[in-house]
Amino acid sequence: MIYLNMNFDSLNKRIKKIGIILSVYSVLFIIAIPGVVLSALNGIWALLGVCVLLVFSGIYVLTIGWSFWAKMIINRNIAVAIVEDGITNIKTLATAFGKWERIMRRDVAQIMRKRYITGYVFNEKRTELVRTERSKREEAQKAESLQRKKCESCGAALIIGAKACCHCGVMI
Ligand SMILES: [Zn+2]
């Protein structure tokens with residue numbers, strides 16, 4: 001069952017945004033390398049300064065940035081596996097993502113700390129994620145309110161997630 005209160009849209013947007021910024025930085029970095037030589041040869045000192053700055057900062061920013069970005073994607077995928085595929089066993093998650101169980105437990109803890117997922121806690125032995133009572137309650141309430149929705153045109157009950165009434169065809 002999908003946890004209705006959670007979606008990954010804002011996280012996906014953030015991943016996309018960081019990816020674009022890093023891509024632009026990478027292109028500038030690549031241009032700056034021959035740029036250092038060309039601007040030095042032609043005596044364009046301001047440009048030389050910019051190119052040197054880009055090359056040196058790029059080495060750090062891009063190395064750290066891209067690995068941070070890759071980690072974000074993996075964590076997003078783990079979060080999706082937990083929430084949408086319902087894989088809550090740490091050992092199963094570890095196998096699925098090719099990690100040691102110990103590392104997966106640490107990563108899942110980080111995912112929860114960063115609030116990629118909410119409404120879960122570790123069980124006592126930290127082998128499994130369990131839903132908090134509060135999140136179950138909130139989900140039940142939300143599911144109920146969705147089920148109660150009726151078509152404004154004909155009064156038929158609407159199907160969750162449908163874009164149009166299945167009875168009269170009016171767009172919702
Ligand atoms: Zn209708």
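Let's start with Arg-14. Arg-14 is partly exposed, because 13 other C-beta atoms lie within 10 Å. The scale is this: 20 or more is buried, 12 or fewer is exposed, and in between is partly exposed, with C-beta atoms placed from the backbone.

A word on the model. It is predicted, so local features need pLDDT of at least 70 and side-chain atom pairs pLDDT 80 or more, while totals for chains, interfaces and linings use all residues. Residues are numbered from 1 along each chain as its sequence is written.

Arg-14 sits in helix α1. Helices here are DSSP runs of H or I, at least four residues, numbered from the N terminus. Arg-14 and Trp-69 are 55 residues apart in sequence, yet 9.9 Å apart in space, C-alpha to C-alpha.

Now the helix pair. How do α1 and α2 pack? Helix α1, residues 9-41, meets helix α2, residues 45-83, at about 155 degrees, with axes 8 Å apart. Axes are fitted to C-alpha atoms over the stretch in contact, and angles run from 0 to 180 degrees between N-to-C directions. The two are therefore roughly antiparallel, meaning an angle over 145 degrees. Their contact has 23 nonpolar, 6 polar and 1 charged residues.

Next, the core. The largest nonpolar core has 12 residues, including Ile-78, Ala-79 and Leu-129. Such a core is a set of buried Ala, Val, Leu, Ile, Met, Phe, Trp, Tyr and Cys residues, joined through C-beta atoms within 7 Å. Its largest share, 4 residues, comes from α2.

Last, Ala-79. Leaving out residues up to four places away in sequence, Ala-79 touches Phe-8, Ile-111, Tyr-116 and Ile-117. Touching means C-beta atoms, placed from the backbone, within 7 Å.

Definitions and conventions:
Parallel < 35°, antiparallel > 145°, perpendicular 65-115°, else oblique. Nonpolar A, V, L, I, M, F, W, Y, C, P; charged D, E, K, R; others polar. Contact = placed C-beta atoms within 7 Å.
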